[in-house]
Amino acid sequence: MAAATPVAAAAAASGRQAWRQLLMRNTTSILQRPQVQPNLRRAASSLSSKPTRIPLRAGVSFQSVSQRQQPPSYSRSYSSQGGSSPPPPPPPPPPRNTNQIKFWPFVIVIACGSSGYILLVNRRKDMPPNPKQTTSGPAGGKPTPTFSPSNVTVIFVLGGPGAGKGTQCANLVKDFSFTHLSAGDLLRAEQDRPGSQYGQLIKDYIKNGEIVPMEVTVALLENAMSDSIKAHPEAKKHRFLVDGFPRKMDQAYKFEEVVCPAKLVLFYDCPEHVMEGRLMERGKTSGRADDNAESIRKRFRVFVETSMPVVKHYEAEGKVIKVDATPLPDEVHKMTKTKLVEMLGEDF
């Protein structure tokens, strides 16, 4: 048995060496395979950056720790063929905030309402009074006129500046015992009256060729008519020629509502260039502040824009006598007298 022991030991040693050689050859052949080398390079790169050593085993590919922790990256294609899942639905839109208040519709409504109200007010100024509201006294919404048309005859005399209204009114006073009331003369007298509260206001309006507020003009005319009636109490009828008034429809309404309804309108029609020549000639001696080229042109524009609607309003009611004012004053007077008698009769 003792002699056999060395032999057995030598055999065992030879077997172990043969096993190691066989193992080394297998390992070398495995490591030399193409599919193993890239894994070994990645393992070597990972081991070089990490201090921890990982034992190498045959047939095992290594990956870095970071590569193990990350999930595999791949792309997924979608198609309509069988075996593939449909694309996911798009995300729903964010919910609308219904609590927000939009203010621009309210702004538009307010602007439209304000514009409509302004237009309505301006339009009602030029509208004739409602016939349903002609009842006298506070109950009817209209005050009683100061003078009755059965006792007082009022004729409005209208025409552009320089049409000859004043000259023709003077002739009619001689023929029919009219009382001539010139709105312009009353305003000029009021502006020069000491202590007048309207003096400076009237000066500014006349100088600029603008219309004096109707409340002032209507009050001056009413006072002048009252003074004339008191001065001639014996007269059964009183006739008034109101020269250069009304200049606007609201003045006409106000006068007929407060003072007295008008019988008719005398309208002297004259071209603008003729009137301008007359006014420039008159300005040499009149001393009036409005007898200058600039004020004259302003008065022309004001007359066309504001007074012509008054003429058209009364013309629609059949109360206008239209006279051509371009001939000589005497010829114009004859035409005026003839048409006035034809309209009202001799004893109007």
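Two residues are in contact when heavy atoms of one lie within 4.5 Å of heavy atoms of the other. The structure described here is a predicted model.

**Residue V310**

By that criterion, and with residues up to four places away in sequence not counted, V310 touches L158, P246, R247, K248 and M249. V310 belongs to helix α11, which spans residues 293–316. Its relative accessibility is 0%, so V310 counts as buried.

**Residue K165**

K165 is part of helix α5, residues 165–176. K165 is buried but has no salt bridge. The nearest side chain of opposite charge is that of D243, 4.8 Å away, whereas a salt bridge requires a side-chain nitrogen within 4 Å of a carboxyl oxygen. Apart from neighbours within four places in sequence, the contacts of K165 are V157, L158, G159, G160, D243, G244 and Y268.

**Helices α6 and α8**

Two packed helices are described by the angle between their axes and the distance between the axes. The axes of α6 and α8 come within 10 Å and cross at roughly 100°. This angle makes α6 roughly perpendicular to α8. The residues that meet are listed below by helix.

| Helix | Residues in the contact |
|---|---|
| α6 (residues 183–192) | A183, L186, L187, E190 |
| α8 (residues 214–231) | V216, T217, L220, L221, A224 |

In this contact, seven residues are nonpolar, one is polar and one is charged.

Definitions and conventions. Residues numbered from 1 in each chain as written. Predicted model: local features only at pLDDT ≥ 70, side-chain atom pairs only at ≥ 80, totals over all residues. Heavy atoms only, no water. Axes fitted to C-alpha atoms, helices over the stretch in contact; angles between N-to-C directions. Helix = DSSP H or I, 4+ residues; strand = E, 2+ residues; numbered from the N terminus. Parallel < 35°, antiparallel > 145°, perpendicular 65-115°, else oblique. Nonpolar A, V, L, I, M, F, W, Y, C, P; charged D, E, K, R; others polar. Buried < 20%, exposed > 50% of the residue type's maximum accessible area, 1.4 Å probe, protein only. Lys, Arg positive; Asp, Glu negative; His and termini not counted.
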